Amino acid sequence: METANRTLTADVIAALRYWPGVIHGSQKNPPGPVDLTVLPPFFNEVLQDLPWWNRDWKVSDVEPGVPLEIESDHNRSTTRFTEVSVPGTAGTSSGESLPFVGKVRFTSNRLIRFQAKIGHMVVSPADTPAGQLEPHPFSAVFSRLMDLRGIPVRDMARHTARSMSTIHMLRNGRLNPHPVLAKEIAEVLGMSEADIHAIASLDGDRRDSQIPDSQ
């Protein structure tokens, strides 16, 4: 979903920044009323930019949002954007209805990222071009941990007794981590096996099938 650099109108920004349930120095308490009815058309416009989206589904109403992160240059809360979670309802002309949550990340008047959850379905921007597999989330963290420790792919492969292609696939997200591999990686990174399991979202009681390593 392409959302980057979309310009937000002043009334949409005001609605996204309306947090009556939150005490924060960036707004008066209680905040003055704003028009939340501008948000359903905004959400529908972004969703209906998707060529595969069922246009019969529309966000019908929303509630005040909850800030997840607030843009600030304070020395103890420095962040470059604001991210807000907005609950509501989505429905169809035939009367179907599901809970809706829109997560909006923006800075100034520029939309950075948008995620929608309708019922149990999450719609998020892709990290790779259309038609390509999305990388496993572990890949970005694993690559960063290796880079911070100055561990080259060759060394990680040698210390885990794995092929370099296996390590490359873990780094680019084309291979899912499994418990045995997680244990080997943890030893090289100097981390606990439990920490790697948590980062890789591995269930400690699950017995994953082991994929033979390509040598």
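Which residue just after α4 takes a positive phi? I looked it up: A161, with a phi of about 60 degrees.

**Basis.** I am working from a predicted model, where local features need pLDDT of at least 70, side-chain atom pairs count only at pLDDT 80 or more, and totals for chains, interfaces and linings use all residues. Residues are numbered from 1 along each chain as its sequence is written, and side-chain values use heavy atoms, with hydrogens and water left out.

**Confidence.** I checked pLDDT (the predictor's confidence in each residue, from 0 to 100). Its mean over the protein is 88, and 90% of residues reach 70 or more. Helices (H or I, at least four residues) and strands (E, at least two) are DSSP runs numbered from the N terminus.

**Helix α4.** I listed the buried residues (under 20% relative accessible area; exposed is over 50%, partly exposed in between; 1.4 Å probe, protein chains only). In α4, residues 153-160, they are V153, M156, A157 and T160. They lie on the same side of α4, because they cover an arc of only 100 degrees around the axis; the arc is that of the directions from the helix axis to the C-beta atoms. I found the exposed R154, R158 and H159 on the face turned away from the buried side. The buried residues pack against α3 (138-148), α5 (164-172) and α6 (179-189).

**V141.** I placed V141 in helix α3. V141 is partly exposed, with a relative accessible area of 34%.

**Residues 205-215.** Here pLDDT stays under 50. Where pLDDT is low, the predicted coordinates should not be read in detail.

Conventions:
Contact = heavy atoms within 4.5 Å.
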